Amino acid sequence: MHTILVVDDDPTVAEVVTGYLERAGFSVDRAADGPEALRLAEAGPPALVVLDLMLPGMDGLEVCRRLRAAAPVPVIMLTARGDEDDRILGLEIGADDYVTKPFSPRELVLRVESVLRRHGGDQGRVTGAAEPELRRAGITLDPAGRRATKDGRPLALTLREFDLLAHLMRHPGLAIGRETLMHDVWGWEFGDLSTVTVHVRRLRGKIEDDPARPRLIRTVWGVGYRFDVPPDDPAPASVEVAPVRVPADES
């Protein structure tokens with residue numbers, strides 16, 4: 001049984017979220033502030049953390065930073081509707097998703113299940129059939145070992161950044177819509193597309209020589225993003241490439 005850590009100083013919200021998660025089959029730990037959340041996470045690492053942005057003393061952004069520094073635990077942030085800058089910052093420091101207050105507890109449970117399903121699939125690849133390394137533009141990705149380098153130097157990629165880069169590298173030269181990336185990389189049928197935008201920006205900061213003038217991950221206006229391979233890049237060994245799902249409104 002997966003254990004979810006719910007961190008919220010509002011006892012009503014925490015109680016409602018806990019009730020819905022328990023009815024969905026999860027075990028739930030609760031914390032009312034950041035230090036308690038960090039202590040519980042250290043004592044027994046949760047499968048996922050539902051984390052309120054506005055906490056007394058130590059805010060949710062700092063809690064998320066410390067959680068992600070200690071382990072790659074998935075984090076879903078709870079935010080107020082007007083806190084767009086904070087939501088984007090939360091994604092930039094490693095949160096996997098966010099839900100805006102007021103929210104539907106059923107929607108939150110669906111988000112939790114989606115993130116866990118994706119996270120579990122990522123971990124399962126390590127023990128599954130070995131997937132060939134991806135090598136393009138000086139970047140090497142080892143999907144089985146979850147290792148990434150550029151020109152021989154390690155890249156510090158988050159779980160989702162790794163998945164996003166791998167997906168783009170598997171389909172070089174193909175413009176892929178943000179909706180498609182959200183489905184294929186995050187496993188979501190719905191969600192805020194700024195999640196994709198923020199992760200692309202972070203990824204560019206780690207792999208581009210000049211992130212302000214990206215040459216690898218290009219924006220295709222009105223569509224999404226495309227991974228461009230430099231003309232002098234040696235052709236990699238052929239690998240089997242999964243088809244990209246293209247919704248009707250992107251064709």
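Trainee: Across which strands does helix α3 (residues 60-70) lie?

Mentor: Helix α3 lies across β3 (48-52) and β4, and runs at about 160° to β3. Helices (H or I, at least four residues) and strands (E, at least two) are DSSP runs, numbered from the N terminus. Axes are lines fitted to C-alpha atoms, for helices over the stretch in contact, and angles run from 0 to 180 degrees between N-to-C directions. This is a predicted model: local features need pLDDT of at least 70 and side-chain atom pairs pLDDT 80 or more, while totals for chains, interfaces and linings use all residues. Residues are numbered from 1 along each chain as its sequence is written, and side-chain values use heavy atoms, leaving out hydrogens and water.

Trainee: In what order do the 5 strands of the open sheet run, and is the pairing parallel or antiparallel?

Mentor: Two strands pair if DSSP finds at least two bridges between them. Here the order is β2-β1-β3-β4-β5, with parallel pairing. At the edges stand β2 (27-31) and β5 (97-101), each of which pairs on one side only. From one strand to the next, the twist averages 20°.

Trainee: How many bridges join strand β6 to strand β7?

Mentor: Strand β6 (residues 134-136) and strand β7 (residues 139-142) run antiparallel and are joined by 3 bridges. T140 of β7 is the bridge partner of R135. This hairpin has 2 residues between its strands, and A137 takes a positive phi near 55°. β7 also pairs with strand β8 (residues 147-150), in the antiparallel sense over 4 bridges. Within that pairing, A148 of β8 stands opposite L141. The hairpin of β7 and β8 has 4 residues between the strands, and R146 takes a positive phi near 55°.

Trainee: At what angle do helix α6 and α8 pack?

Mentor: Helix α6 (residues 159-170) packs against α8 at about 80°, and the axes lie 10 Å apart. The two helices are therefore roughly perpendicular (65 to 115 degrees; under 35 is roughly parallel, over 145 roughly antiparallel, the rest oblique). From α6, the contact involves R160, E161, L164 and L165; from α8, it involves H199, V200, R202, L203, K206 and I207. These residues divide into 5 nonpolar, 1 polar and 4 charged (Ala, Val, Leu, Ile, Met, Phe, Trp, Tyr, Cys and Pro are nonpolar; Asp, Glu, Lys and Arg charged; the others, Gly among them, polar).

Trainee: Does D228 count as buried or exposed?

Mentor: D228 counts as buried, because its relative accessibility is 18% (buried is under 20% relative accessible area, exposed over 50%, partly exposed in between; 1.4 Å probe, protein chains only). D228 is placed in the segment after β12. Neighbours within four places in sequence aside, D228 is in contact with G173, R215, L216 and R218. The side chains of D228 and R218 are joined by a polar contact of 3.5 Å (a pair of N or O atoms within 3.5 Å; within protein, one must be able to donate a hydrogen and the other to accept it, and residues adjacent in sequence count only if both atoms are side-chain atoms).

Definitions and conventions
Contact = heavy atoms within 4.5 Å.
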